[in-house]
Number of protein chains: 2
Amino acid sequence: MYDKYLETNEWKIIERGWDAANHPKSESIFSLGNGRMGQRANFEEDYSGKSLQGSYIAGVYYPDKTRVGWWKNGYPEYFAKVLNSVNWIGLRLAFAGQKLDLHTAKITDFYRELNMREGYLLRTFTAELADGKQLKVEATRFLSIVEDEIGAIRYRFTPLNFSGEAKITSYLDFDVKNEDSNYDEKFWEEVAKSVAPKKGDVTARTKKTGFVVSAAMRYELLENGKLIAHTPETAERHSYVENVASIPLKQGSTYTIHKFAAVVSSLNYAETELLAAANQKAEAALKAGFEKLFNEHAAAWIAKWSSSDIIIDGDPEAQQGIRFNIFQLNQTFTGVDARLNIGPKGFTGEKYGGSTYWDTEAYCLPFYLASSESHVARNLLLYRYKQLGKAIENAEKLGFTNGAALYPMVTMNGEECHNEWEITFEEIHRNGAIAYAIFNYVRHTGDREYLADYGLEVLIAICRFWTQRVNWSAAKEKFVMLGVTGPNEYENNVNNNWYTNKIAIWTLEWTIEVIALLREEFPEKLADVFARTNFQEAEKIKKWTHIIQNMYSPYDPERQVFLQQEGFLDKEQLNATDINPAERPINQHWSWDRILRSIFIKQADVLQGMYFFEHHYDKASLRRNFDFYEPKTVHESSLSPCVHVILASRIGYQDKAYEMYLRTARLDLDDYNHEVHEGLHITSMAGTWMSVVQGFGGMRIIKSKLHFEPALPEQWKKLTFTILWRGARLVITIFKDRMEVANHGNQTAEFGLLARLFSVAAGENKLIPFNE
Amino acid sequence: MYDKYLETNEWKIIERGWDAANHPKSESIFSLGNGRMGQRANFEEDYSGKSLQGSYIAGVYYPDKTRVGWWKNGYPEYFAKVLNSVNWIGLRLAFAGQKLDLHTAKITDFYRELNMREGYLLRTFTAELADGKQLKVEATRFLSIVEDEIGAIRYRFTPLNFSGEAKITSYLDFDVKNEDSNYDEKFWEEVAKSVAPKKGDVTARTKKTGFVVSAAMRYELLENGKLIAHTPETAERHSYVENVASIPLKQGSTYTIHKFAAVVSSLNYAETELLAAANQKAEAALKAGFEKLFNEHAAAWIAKWSSSDIIIDGDPEAQQGIRFNIFQLNQTFTGVDARLNIGPKGFTGEKYGGSTYWDTEAYCLPFYLASSESHVARNLLLYRYKQLGKAIENAEKLGFTNGAALYPMVTMNGEECHNEWEITFEEIHRNGAIAYAIFNYVRHTGDREYLADYGLEVLIAICRFWTQRVNWSAAKEKFVMLGVTGPNEYENNVNNNWYTNKIAIWTLEWTIEVIALLREEFPEKLADVFARTNFQEAEKIKKWTHIIQNMYSPYDPERQVFLQQEGFLDKEQLNATDINPAERPINQHWSWDRILRSIFIKQADVLQGMYFFEHHYDKASLRRNFDFYEPKTVHESSLSPCVHVILASRIGYQDKAYEMYLRTARLDLDDYNHEVHEGLHITSMAGTWMSVVQGFGGMRIIKSKLHFEPALPEQWKKLTFTILWRGARLVITIFKDRMEVANHGNQTAEFGLLARLFSVAAGENKLIPFNE
C-alpha cells in the first residue's frame with residue numbers, strides 16, 4: 001500500500017494533521033525553488049526531530065572525495081555534489097525562556113499547503129508548549145521567481161492563553177554540512193560575517209571549488225500590523241549571525257515577522273561585490289515589503305502557467321499530479337543561465353549530487369521546448385556546447401583521439417563525476433541523446449542557425465566518437481559495438497546493444513543531413529565549423545557512410561523483433577509477472593549478477609529507441625516489439641513508464657497506457673518507492689508531461705510539422721494542454737470525439753490531426769471532430 | 001630495465017652497499033616467516049626513512065570497513081585484512097645521547113643476506129654518527145620453525161673509535177596500524193602490559209574480531225661474550241613497554257644483545273592463559289639461548305630442503321630464483337593448522353589483505369603435495385571443508401537454494417571479503433578450482449577416504465551451485481552459463497566462458513565418478529554423506545547427466561579452437577605485439593572498457609582449462625589453441641606465465657617455454673612490476689615451481705600414476721627435483737639425454753617416462769636414457 005497522507009486538490013498539495021513521520025517526506029514534496037535557489041520544506045522554527053536540511057544554490061557544487069573500492073584508469077578522483085548551503089529561513093522563538101521546538105511541542109490543527117498556482121508554502125498550526133502556553137501560527141514562504149536571489153517569509157503568531165516576554169531570533173547559519181558527505185567533512189569555510197541590529201550577513205567559500213556565497217538578512221516585527229520599535233541584541237559564532245528581539249506579548253494580539261534573505265553567489269558577481277550586493281538586495285526587499293514581492297511573484301507564476309498548464313477533466317488525482325510535476329519542473333529550471341541544468345532530484349535533496357544526466361536531453365527537453373520561450377531549451381543545449389572541450393578531454397582519457405567527444409554520464413562542470421566502469425565508461429548512449437536533443441530542438445523551433453553556430457560542432461565530435469568506438473567484426477562481416485551498457489542498466493557490458501547501435505548510426509546519418517542543409521543555408525558558417533574542427537569532409541563522409549551501411553543490428557527473424565543485445569534469446573524467457581511479488585523491486589532483493597543474467601528490464605531501451613525514431617517503424621513492428629519487451633520490463637527506473645504510455649497510446653493499448661501513466665504521474669506524491677524523503681524525481685516528472693502530451697495528446701513533430709493523434713483515457717472527460725510553437729501559443733483541448741485548438745499567439749500555426757492538415761490563425765479557435 | 005641490485009648466489013639473497021631507495025623492496029624480499037608469523041625485513045634499529053612496518057600473525061585479521069562507491073545487494077560490509085601486529089624486533093641505540101638512526105647515520109660496508117638454506121636474515125655494516133662515532137654492526141634474526149611462536153635476534157656491535165656510555169633500549173610496541181587502513185584507524189586495543197628489568201609484555205585485542213595476542217620479550221647483554229650484569233630502567237606508554245640498559249662501552253670491545261620474543265594468540269590459547277604462555281615461552285627461549293634455538297631451526301630448514309629443493313645446473317640466476325620461491329612458500333605455509341591458508345602476498349605485505357584466493361587450489365596445492373607430508377595439502381583442503389557452511393550462506397545471499405555453495409573469491413574466515421560485482425558475484429570458476437583441488441589431492445595421495453569423509457560433501461554443494469547457475473537456452477537448445485567472469489579478468493560479465501563451462505561440467509562428471517567409487521569402497525560413509533546433505537541420488541544424477549550432455553561449449557570450427565567466450569571473434573583480431581610498448585602494461589594505461597573490448601588476455605583461461613584437463617585433448621588441439629591464444633596474452637597476472645611454460649614444454653615450444661619461465665622465476669627478485677615493496681607474489685611462486693617440475697620436468701599424474709615427459713631448456717645442463725610420492729621420496733635428475741631417479745623413501749614407486757613404465761625400489765637409484 002502506498003502511504004497516502006496528502007489531500008487531493010487541483011492547485012494545492014495539502015497536508016492536514018501533524019505526524020512527525022511524514023515530515024521528511026513533506027520536506028521534499030513541499031520544496032520551493034526558483035531556478036537559482038532551492039529550499040526544502042524545513043521548518044523556520046527549531047525542530048529537533050528527523051529532518052534533512054536542504055538549501056541549495058544552482059551551479060554551486062563541491063568535488064567530494066570519491067569513495068571507491070577499486071580504482072580503474074580514467075576514473076575521476078572527485079564526485080561533484082550539490083551543496084547544502086546557508087540556512088536563511090531560521091527563526092527561533094522562546095516565550096519566557098520556554099523554547100518552541102516543533103518536535104517537542106504539542107501540535108494541533110496542523111495544515112501545510114504548497115500553493116502551486118502562486119508558488120508559495122503555507123503552514124498553520126497551534127502549538128502548545130510544555131508549560132501549557134498555546135500559540136497559533138501561520139507561516140508563508142516563497143522564493144521569488146522575479147527577484148531570483150530573494151527569499152521571503154511572513155511568520156505570524158498569536159499567543160492564545162498568555163502574555164509576557166518573547167524572544168524572537170532571526171539568524172543566518174552557514175555552518176552546515178551535507179548529509180551525504182563521504183568523510184563527514186564540512187564543505188564551506190567562513191569568509192566574512194557581520195551583524196548589527198535588524199541586519200546580518202555571512203559570506204562563505206566552498207573548499208576546493210572556491211565558490212563564494214554571501215547571504216544577507218533583514219527583518220521587521222509587527223504587532224497587529226503595526227511595526228514594533230525595538231533594538232535587538234546581536235550575536236555571532238562560526239559562520240553564524242543572529243538578531244534577538246525581546247518584545248512583550250499580549251494575549252490575543254497577532255505578531256508578524258517579515259524576514260527577507262538575499263543569497264548571491266560568485267557565479268554572478270565579482271567576489272568583491274558580493275557582500276554589498278547581498279545587503280543591497282536584502283535592504284531593497286525589506287523596503288519593497290512582503291506584500292509587493294509576494295504579489296509580483298504570484299503574478300509571474302500565474303503567467304508561467306498560461307504556457308505550461310495541463311487540465312485534466314474528470315480525474316482530480318491526475319490533475320494534481322500533473323500540476324505538481326509541471327510546478328516542480330518550472331521551479332527547477334527557468335532557463336536564464338546556460339551554466340545551470342536539471343539534476344534528477346533538482347534542488348530537493350542531496351541524492352544524485354544535483355548533477356546533470358542524460359535525463360535532461362532525453363526526457364526534460366520536450367517539456368521546456370513546448371512550454372517555455374525557446375531560449376530556455378536553447379540554454380540547456382548550450383550547457384553541453386560549453387562543455388564540449390571537457391567532453392573531448394574525457395574521451396581522450398579513454399583512449400579516443402582526434403576531437404572525439406564522450407560527454408560525461410554525470411556532471412556538474414563538464415567533467416565526469418561518476419565511477420562505476422559499466423556506467424561511466426560504457427553507458428555511452430548518452431552521447432546519442434545529446435545529439436538527439438539538438439535534432440529535437442531544431443525540429444521544434446526551426447532554429448537551423450543553431451546548427452551552424454553550435455550544433456554541428458557537437459555533432460561532429462560525437463560522430464568521431466562513434467566511428468572510433470565501433471570495430472569491424474571479421475566473423476560477422478559487419479561493424480559491431482562491443483562492451484556497452486544501454487539505457488537498460490540491468491544489462492552491463494553487452495555487445496551490440498540495439499539502442500546504442502541505432503542511435504550511433506542515426507547520429508552519423510543526421511549529421512550528414514545537417515552538413516547538406518548548412519551547405520544550402522549557411523555555407524560560410526559551415527566552412528568555419530569545418531576549419532574549427534579540422535574536419536576532412538569527403539573522407540569522413542565516406543567512412544561514415546560505410547559504417548552506416550554495414551552496422552550490425554541484432555534482430556530475431558522468427559519473432560520479427562529487434563534484440564536488445566546479442567545473446568538476449570539465451571536468457572530464460574520469463575515475464576515480470578513470474579517474479580515473486582515479495583521480491584519486487586528486484587534491485588532491492590536480488591544480487592546484481594542475478595539481475596544481469598535475468599531477462600528483466602529496468603527500462604526497455606529497444607522501446608526507447610522506437611520512441612525516438614518512431615517515424616522509422618510501422619505500427620505493426622512497434623506492436624511486436626512492445627508485446628515482446630513490455631511484459632519483461634520491471635520499470636525500476638522512474639524514467640521507464642512514460643515511454644510505455646506514449647507507445648501504448650500509439651498502438652491502441654489504452655488500458656496499458658493508463659496503467660503505466662498511473663505509475664509515473666504521482667510517483668512522489670504517493671511515494672511509490674518509499675524514497676521521497678531523499679528528494680523528488682524531477683527529471684521523471686518531465687516524462688510524465690511527455691506521457692500526457694505525446695501519449696494521450698498524441699503530439700508529434702514530423703518533418704518540422706506539428707501532428708496530433710489523440711488517445712484520451714477512458715477515465716478522462718477532456719484534456720487541455722498548451723504548446724508554444726513558432727510564435728503561436730496553442731491551447732489544445734482533447735475531448736472524446738473532437739479536438740479544440742485555440743491560438744493565443746501571434747502567428748498562424750499549421751498542424752496535422754489524424755492524417756488531416758489544418759491551420760489556426762492567431763486569435764482563432766478551431767473545433768475539429770475526429771470523425772468527419 | 002629491471003632494477004637489479006641483488007647478487008646472484010645459489011643459496012643466498014645478497015644486498016651489498018647501502019641505498020635507501022632499495023630498502024622498501026628489500027623489506028619485502030628479505031622477509032622471514034614460519035607459517036605462524038611473518039616479519040618484513042624492517043630494521044631493529046630506529047629508521048626514519050621510508051619503510052612499511054610489517055609483523056603479521058597468521059589467522060589474525062580485521063574486518064575493515066569497506067570503501068565502495070556503489071553498494072549492491074550481497075556485498076559484504078567488511079573487508080578482512082591481515083593485521084600489522086606487535087613490533088617485537090625493536091632495539092634502540094644511543095651513544096652519549098647520540099641516537100643511531102640508520103636513515104641519518106652514514107652507512108658503509110652494508111651487507112644484507114637472506115640465508116635460505118638455514119632460514120635467517122643477516123646484516124652487517126659500519127655506521128658513522130653525526131659526531132663521528134663509528135660502530136660496526138652484525139645483526140642476525142630468525143623466526144623459529146621449530147618453536148613457531150618464537151623470534152630471536154642476535155645484535156652485535158663494536159665501537160670502533162670511541163668509548164663511553166651506551167643506552168640500549170629493547171622494546172615491544174603494539175601501538176601500530178596498517179598502512180592500508182581505510183579510515184586511518186588503529187585496529188588493536190591494549191588489554192594489558194607489564195614491564196620489569198630485563199622483561200616486558202604487551203597484550204592487545206583486535207577491535208570487532210576480538211583476537212587477543214600476547215607478546216613477551218627477554219634479553220641479555222654481553223661484552224666480548226660475557227654477560228653484563230646490569231639493571232635497566234623500565235618505562236611504558238600506550239601498548240608499549242621498554243627496558244633501557246645503560247652500559248659503559250670500551251672501544252674495540254664487541255657487545256651482543258640477544259633478544260627473544262614470544263608471540264602467542266587466542267587462536268591457540270585460552271585468553272586467560274595467553275600472558276603466562278608468552279612469558280613462559282620467552283623465558284624458555286632465553287634459557288635455551290640463541291645458539292641452541294638457532295641450530296635447531298637451521299637443521300629443520302635443511303631437512304625441509306631435502307624434500308623440496310630444486311637444483312638447476314648451468315643457470316645460477318634460475319637456481320637462486322627457484323630456491324627463493326621454494327623458501328618463501330615454505331615460510332608462508334607449513335600445514336600445521338587447517339585454519340590457515342596462503343595469501344597472494346603471504347606475510348610479506350598488506351596488499352590483498354592476506355586473504356585466500358583460488359590461487360591456493362589452482363597454483364599452490366601441487367607444490368605442497370609434492371614436497372611436504374600429505375597432511376600439509378590435506379589441511380589446505382580442510383580449510384575449505386570447514387568453511388562449507390559459509391559458502392552455502394554466501395550462495396543463499398545470491399539467490400541459490402538447497403545447499404548450493406559458492407565459495408568466496410576472497411576470504412579470511414569463509415565469508416566473502418570483496419565487492420566488485422564482476423569478481424565477487426561472477427568470477428565463479430573458483431568453485432571449480434576447489435573441486436579440482438580435491439581431485440588433485442586424491443590423485444597424488446591416493447587418499448580416497450578423504451572423499452568419503454569430506455570431499456564429496458563439498459563436491460555435492462558445488463554441483464548444486466552449477467546446476468542452478470546454468471539455464472536452458474531455447475535459442476541454442478543447450479544449457480548456457482550467462483554473466484560470468486573467467487580467470488581472464490580482462491573480460492567481465494561474459495556469456496559461456498569456455499573455461500567456466502568446462503570446469504562446471506567436469507565437476508558434475510567427476511562427482512558422479514566419485515559417488516560410484518565410494519559406493520565400492522566406502523558404502524556406509526557414502527550413505528552418511530547422502531543423508532547429511534539430503535541428496536536424492538537418482539534424480540540428481542539424471543539431472544546432472546542431462547546438463548553434461550547438453551552444455552554449450554563455444555568453439556570455432558574454422559580455426560578448430562575453443563572460444564574463450566561467446567562473441568570472442570567479433571573483437572578486433574590483434575596480437576600483443578601490436579600494442580604500443582609505451583602502453584604496457586595495459587592495465588596501467590588503458591581505461592577498463594578499452595581493455596574489456598580489446599582481444600588482449602590477462603591470463604588465458606582456455607589454456608588454463610587445457611592444462612587442468614590436458615588428458616582430454618590431444619597435442620594437435622593443444623597446439624592450435626596455444627597458437628591462437630598465446631600471442632593475445634599480455635600476462636598481466638603473475639599467475640599467467642607458468643601455465644604457458646608447462647603447455648609450451650608439452651608441445652615442444654622450448655624457446656617459448658623458457659621465455660615464459662624467465663617472466664615468472666625472478667618476478668620479485670628482479671621486481672619486474674615495480675611493486676615488490678608492497679610484498680612478494682607468494683602464490684605465483686608456486687606457479688614457478690609448477691613451471692619447473694611440470695613444465696621442464698614434464699611431471700604428470702595420469703590415472704593415479706606418476707609420469708614424466710622432460711623438456712630441459714637448452715640453457716640448463718641438468719635439473720634435479722624431489723617428489724614425495726606415496727611413501728617414496730624420489731630425487732629426479734633430468735639431463736639432456738637421460739633421467740636419474742633415486743628413491744630415498746621407503747616404498748617402491750612406479751612411474752612412466754616417455755610412454756615407458758618403470759619402478760624404483762626404496763634405496764634404488766635408476767638411470768634411464770631417453771633413447772633406448
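User: Buried means under 20% relative accessible area, exposed over 50% and partly exposed in between (1.4 Å probe, protein chains only). Which class does B:K4 belong to?

Analyst: Welcome! This is a predicted model, in which local features need pLDDT of at least 70 and side-chain atom pairs count only at pLDDT 80 or more, while totals for chains, interfaces and linings use all residues. Residues are numbered from 1 along each chain as its sequence is written, chains are lettered from A and ligands numbered from 1 in the order in which they are written, and side-chain values use heavy atoms, with hydrogens and water left out. B:K4 has a relative accessible area of 44%, so its class is partly exposed.

User: Which residue does B:K4 form a salt bridge with?

Analyst: A salt bridge is a side-chain nitrogen of Lys or Arg within 4 Å of a carboxyl oxygen of Asp or Glu. For B:K4, the closest N and O atoms of the pair are 2.9 Å apart.

User: How many residues apart are A:E45 and A:R123?

Analyst: These two residues form a salt bridge, with their closest N and O atoms 3.0 Å apart. A:E45 sits in the loop between β4 (37–39) and β5 (55–57) of chain A, and A:R123 in strand β11 (residues 120–128) of chain A. Both A:E45 and A:R123 are buried. The pair links distant parts of the chain, and the separation is 78 residues.

User: Which side chain does the side chain of A:E15 touch in a polar contact?

Analyst: A:E15 is found in strand β2 (residues 12–16) of chain A, and its relative accessible area of 0% means that it is buried. A polar contact is a pair of N or O atoms within 3.5 Å; within protein, one must be able to donate a hydrogen and the other to accept it, and residues adjacent in sequence count only if both atoms are side-chain atoms. At 2.8 Å, the partner is the side chain of A:S26.

User: What rotation superposes chain A on chain B?

Analyst: Copies are superposed by least squares on the C-alpha atoms of residues with pLDDT of at least 70 in both. Here the RMSD is 0.0 Å and the shift along the axis is 0.1 Å, with a rotation of 180 degrees. That is the relation of a two-fold axis.

User: About how much area do chain A and chain B bury between them?

Analyst: The contact (heavy atoms within 4.5 Å) takes 45 residues from chain A and 45 residues from chain B. Buried area is the accessible area (1.4 Å probe) that two parts lose on being put together, summed over both. With 52% of it on carbon and sulfur atoms, the total is about 3800 Å².

User: Which residue does B:D570 meet in a salt bridge?

Analyst: Across the interface of chain A and chain B, the rule finds two salt bridges. In one of them, at 2.4 Å from N to O, the side chain of B:D570 meets that of A:K476.

User: Which element gives the largest share of the side of chain A that touches chain B?

Analyst: The elements giving two or more residues to that side are α8 (421–424), β23 (471–473) and α14 (592–597) of chain A. The largest share is five residues, and it comes from α14(A).

Terms used: Helix = DSSP H or I, 4+ residues; strand = E, 2+ residues; numbered from the N terminus.
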